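User: I'm new to this structure and would like a careful walk through it. Could you show it to me before I start asking things?

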Amino acid sequence: MDPVAGSRYRFGPHEIAERQVFRTSPLSFAIVNLRPTRPVHVLICPKSLVKRFADLSPDETRDLWIMAKDIGVRVEQYQRASSLTFTIQDGPHSGQTVPHVHVHIVPRRKEDFENNDNNNGMMNAKNETLDLDIERKDRTMEEMAQEAKEYRALFS
């Protein structure tokens with residue numbers, strides 16, 4: 001479903017602008033990433049403010065993963081990728097920086113990694129580990145809104 005006009009979305013302590021949301025379901029929403037690690041790096045979140053994966057209800061878990069699967073198929077085709085990375089960082093010691101369950105979806109290509117056994121999802125195309133606080137830059141709301149608009153069209 002497309003986002004409903006006037007809806008409010010929260011990602012942990014952050015209010016998410018409706019323009020960043022490109023897909024919703026009864027219990028989840030999909031947003032573009034403020035600081036993507038790769039092109040078309042998107043996030044799927046439950047609508048409820050749940051900090052840890054184990055605290056999701058069975059219905060929320062199903063909805064989150066069904067939406068992740070559906071969006072993954074579309075963004076992989078859109079990016080002309082050959083694979084996808086699905087990642088959940090669950091808890092502060094896992095690298096989770098926003099206390100709200102979310103699935104990262106990152107389209108991948110063969111050239112992304114020399115050795116796929118070293119693929120932790122947070123490396124750049126040169127096979128170098130990213131210092132996520134230094135190398136990724138916040139994008140503007142206009143950039144994110146334009147990207148979300150492009151992704152909404154994938155589901156029209």
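Predicted model: local features only at pLDDT ≥ 70, side-chain atom pairs only at ≥ 80, totals over all residues.

User: Okay, which residues have the most contacts inside the largest nonpolar core?

Analyst: Those are Phe22, Ile44, Ile71 and Ile105, in a core of 20 residues. A nonpolar core here is a set of buried Ala, Val, Leu, Ile, Met, Phe, Trp, Tyr and Cys residues joined through side-chain atoms within 4.5 Å. Buried means under 20% relative accessible area, exposed means over 50%, and partly exposed lies in between, using a 1.4 Å probe and protein chains only.

User: And which helices and strands each supply at least two residues of it?

Analyst: They are β4 (28-32), β5 (42-46), α1 (58-78), β7 (103-108) and α3 (141-153), and α1 gives the most, with five residues. Helices (H or I, at least four residues) and strands (E, at least two) are DSSP runs, numbered from the N terminus. There is also a second, separate core of nine residues, which includes Ile16, Val21, Phe29 and Ile31.

User: What does Ile44 touch?

Analyst: Leaving aside its neighbours within four places in sequence, Ile44 is in contact (heavy atoms within 4.5 Å) with several residues, among them Phe29, Leu64, Met67, Ile71, Val103 and Ile105.

User: How do the residues of β5 point?

Analyst: Val42, Ile44 and Pro46 point one way from the strand and Leu43 and Cys45 point the other way, and all are buried.

User: Which way do β4 and β5 run, parallel or antiparallel?

Analyst: They run antiparallel and are joined by five bridges, where two strands count as paired if DSSP finds at least two bridges between them. Within this pair, Ile31 has Leu43 of β5 as its bridge partner. β5 is also joined to β7 by three bridges, again in an antiparallel arrangement, and there Ile44 has Val103 as its partner.

User: Switching to α1, is Gly72 buried or exposed?

Analyst: Gly72, which is found in helix α1, is buried, with a relative accessible area of 0%. Beyond its neighbours within four places in sequence, Gly72 is in contact with Leu84, Phe86 and Ile105. The C-alpha atoms of Gly72 and Leu84 are separated by 7.0 Å, although the two residues are 12 apart along the chain.

User: Where does UniProt place the feature "binding site"?

Analyst: An unreviewed UniProt entry places it at His14, Asn33, Gln89, Gly95, Gln96, Thr97, Val98 and His104. UniProt positions are given in the numbering used here, feature names are shortened, and annotations may be inferred rather than shown by experiment.

User: Last topic: how many salt bridges does a search of the whole structure find?

Analyst: The search finds seven, a salt bridge being a side-chain nitrogen of Lys or Arg within 4 Å of a carboxyl oxygen of Asp or Glu. One of them joins the side chains of Arg52 and Asp90, at 3.0 Å from N to O.

User: Why does that pair tie together parts that are 38 residues apart in sequence?

Analyst: Because Arg52 lies in the loop between β5 and α1 while Asp90 lies in the loop between β6 and β7. Arg52 is partly exposed at 38% relative accessibility, and Asp90 is partly exposed with a relative accessible area of 27%.

User: And what about a salt bridge inside a helix?

Analyst: Arg62 forms one with Asp59, the closest N and O atoms being 2.5 Å apart, and both residues lie in helix α1, three residues apart, about one turn of the helix.

Technical notes. Residues numbered from 1 in each chain as written. Heavy atoms only, no water.
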